[in-house]
Amino acid sequence: DIGFVRNEVAAAVRGVVGSSVSPDAPLMSSGLDSLGAVELRNALEGRLQVSLPSTLVFDYPTIDAISALVASSIRPQQPQKQQRPSADDGHDLAGDVGDHGGSSSDGERDEDHDLLEDLFSSDPDK
């Protein structure tokens, strides 16, 4: 949850800087120095159990920017849907059906196989 992460980042910034900082204010302009940047990164890694770049405050200069980075790194990754092959990608769909023998479980020729074979045949006269 981005709200939780933002609160954690803001608390860590408060602990290092010694005062509250606006979420969209540049941290280096708000009293954070290079040593404080290292302390902040270490504090966030410890609090949130994430690995952060050593250039964190320079690459992500605000609480909002750091929060977005941290939230994206702790958000569970969604598995990508497996795409089905299409005739446009050069994949031989009729060949896939042919790999199964084109037979149903009772040994009869599968009508779907014949249809696919006709549709994806490279022979234009079929």
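1. Start of helix 2. A side-chain oxygen of aspartate 33 comes to within 3.3 Å of the backbone nitrogen of leucine 35, at the start of helix 2. The pair falls under the polar contact criterion (N or O atoms within 3.5 Å; within protein, one must be able to donate a hydrogen and the other to accept it, and residues adjacent in sequence count only if both atoms are side-chain atoms).

2. Basis of the values. The model is predicted: local features need pLDDT of at least 70, side-chain atom pairs count only at pLDDT 80 or more, and totals for chains, interfaces and linings use all residues. Residues are numbered from 1 along each chain as its sequence is written, and side-chain values use heavy atoms, with hydrogens and water left out.

3. Overall make-up. The protein chain has six helices and zero strands; helices are DSSP runs of H or I with at least four residues, strands are runs of E with at least two, and both are numbered from the N terminus. Of the 126 residues in the protein chain, 26% are buried, meaning under 20% relative accessible area with a 1.4 Å probe, protein chains only. Contacts (heavy atoms within 4.5 Å) with a separation of 6 or more involve residues 24 or more positions apart in 48% of cases.

4. Rest of helix 2. Helix 2 has 15 residues and spans 21 Å from its first C-alpha to its last, close to the expected 21 Å, which is 1.5 Å times one less than its number of residues. Its buried residues are Gly36, Ala37, Leu40, Arg41, Leu44, Glu45 and Leu48. Residues three or four places apart in an α-helix point the same way, because there are 3.6 residues a turn. Cover for the buried residues of helix 2 includes helix 1, helix 3 and helix 4. Just after helix 2, glutamine 49 has a positive phi of about 55°.

5. Leaving aside residues up to four places away in sequence, leucine 40 touches Ala12, Val13, Val16, Leu27, Leu32, Val57 and Ile66.

6. Helix 4. Ile63, Ile66, Ser67, Leu69, Val70 and Ala71 are the buried residues of helix 4. Helix 1, helix 2 and helix 3 are among the elements that cover them.

Technical notes. Buried < 20%, exposed > 50% of the residue type's maximum accessible area, 1.4 Å probe, protein only.
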